[in-house]
Amino acid sequence: MSSAIRNKIRYYRFMNGEMTQQELAERTGVTRQTILAIESDKYSPSLELAFRIAAVFQQPLEEIFSYHPEENNLSKEK
Amino acid sequence: MTHRSKIALFSIVGQAAVFFPLYRTVRQATDAGIPLEAQISLWAAFFLKLLGLSVAVMVVGTILLQALLQIRSKESVFTVTDERDRLIEAQAVRNFCYVFCFGFFFGMLLVVLGQPASLLFHVLAFSYLAAGIALYLSYIFHYERGY
């Protein structure tokens, strides 16, 4: 069950002093399991959470998250 | 397996452990051929005891299991409940309602078809158990596979 939203959270965590999932979770007010689910494309965050994650990395939203509906359609067809 | 999945798994076992001894007791009493009014009273007591004991077992068991998991993993358990948890909870409760409603209306259908009224209570009891299992399996499914 993967979403059509891809993200670069892992990359930006690495670029921000190898921030842990737990640290990012605490800074965005969610659980580590939710960060793990978002990173592995198993859960699409709400718009508010996506903005909070982007704010932690001081990046625009579209730099962290991107929408790929065609990939999701392909995976459903398979 | 996530902590929440482990607690959901424990809840299934706990629910079954509370249900079957209570059910066996009421089954033995109703099989003795007592009048319907007395049976209704027994079933009412069964459902109230089932609810009370289930809540007590879940609360005590969850606290103990959380403490155990926290000691073993050295990671705080359930510090926050976030948007994903709420979505999963809504999905799980929806599944609970579907299963219980199915059991409820199936029980009513049996009565309409001329089955004894006492059968309704058996169906309701098992639909409550099945709905509870569906609830916790939904938690496990969504926490393990994603939402």
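**Ground rules**

I note that this is a predicted model, where local features need pLDDT of at least 70 and side-chain atom pairs count only at pLDDT 80 or more, while totals for chains, interfaces and linings use all residues. Residues are numbered from 1 along each chain as its sequence is written, chains are lettered from A and ligands numbered from 1 in the order in which they are written, and side-chain values use heavy atoms, with hydrogens and water left out.

**Entry 1: salt bridges**

Back to A:Asp41 and A:Arg6. I see that this pair links distant parts of the chain: A:Asp41 sits in the loop between H3 and H4 of chain A, A:Arg6 is in strand S1 (residues 5-7) of chain A, and they are 35 residues apart. My helices and strands are DSSP runs numbered from the N terminus (helices are H or I with at least four residues, strands are E with at least two). A:Asp41 counts as buried because its relative accessibility is 15%. The scale I use is buried under 20% relative accessible area, exposed over 50%, and partly exposed in between, with a 1.4 Å probe and protein chains only. A:Asp41 also follows H3(A) and has a positive phi, near 60°.

Next I checked A:Glu63, which forms a salt bridge with A:Lys8, the closest N and O atoms being 3.4 Å apart. Here too distant parts of the chain are linked: A:Glu63 is in helix H5 (residues 61-64) of chain A and A:Lys8 in the loop between S1 and H1 of chain A, 55 residues apart. A:Glu63 is partly exposed at 27% relative accessibility, and A:Lys8 is partly exposed at 39%.

A:Arg52 is partly exposed at 29% relative accessibility, whereas A:Glu48 is exposed at 56%.

I also found a network of salt bridges linking A:Arg10, A:Arg13 and A:Glu39. Over all chains the count comes to seven salt bridges.

**Entry 2: the cores**

Which residues have the most contacts inside the largest nonpolar core? I listed A:Ile9, A:Leu24, A:Ile38, A:Ile53, A:Phe57, A:Ile64 and A:Phe65, out of 18 residues in that core. A nonpolar core here is a set of buried Ala, Val, Leu, Ile, Met, Phe, Trp, Tyr and Cys residues joined through side-chain atoms within 4.5 Å. The elements giving two or more residues to it are H1 (9-15), H2 (21-28), H3 (32-39) and H4 (47-56) of chain A. H4(A) gives the most, with five residues.

I followed A:Ile9 and left out residues up to four places away in sequence: among the residues it touches are A:Leu24, A:Glu39 and A:Phe65. Contact means heavy atoms within 4.5 Å.

H3(A) got its own look. Its buried residues are A:Thr34, A:Ile35, A:Ala37, A:Ile38 and A:Glu39. They pack against S1, H1, H2, H4 and strand S2 (65-67) of chain A together with H3 of chain B.

**Entry 3: chain B**

I counted four helices and zero strands in chain B. Its C-alpha atoms fill a box of roughly 55 × 25 × 20 Å, taken along the principal axes. Buried residues make up 39% of its 147 residues.

**Entry 4: where B meets A**

I find 13 residues of chain B in contact with 15 residues of chain A. The area buried between the two chains is about 1200 Å², with 48% from carbon and sulfur atoms. Buried area is the accessible area (1.4 Å probe) that two parts lose on being put together, summed over both.

How many salt bridges are there between chain B and chain A? The count is zero.

How values were computed:
Salt bridge = Lys/Arg side-chain N within 4 Å of Asp/Glu carboxyl O.
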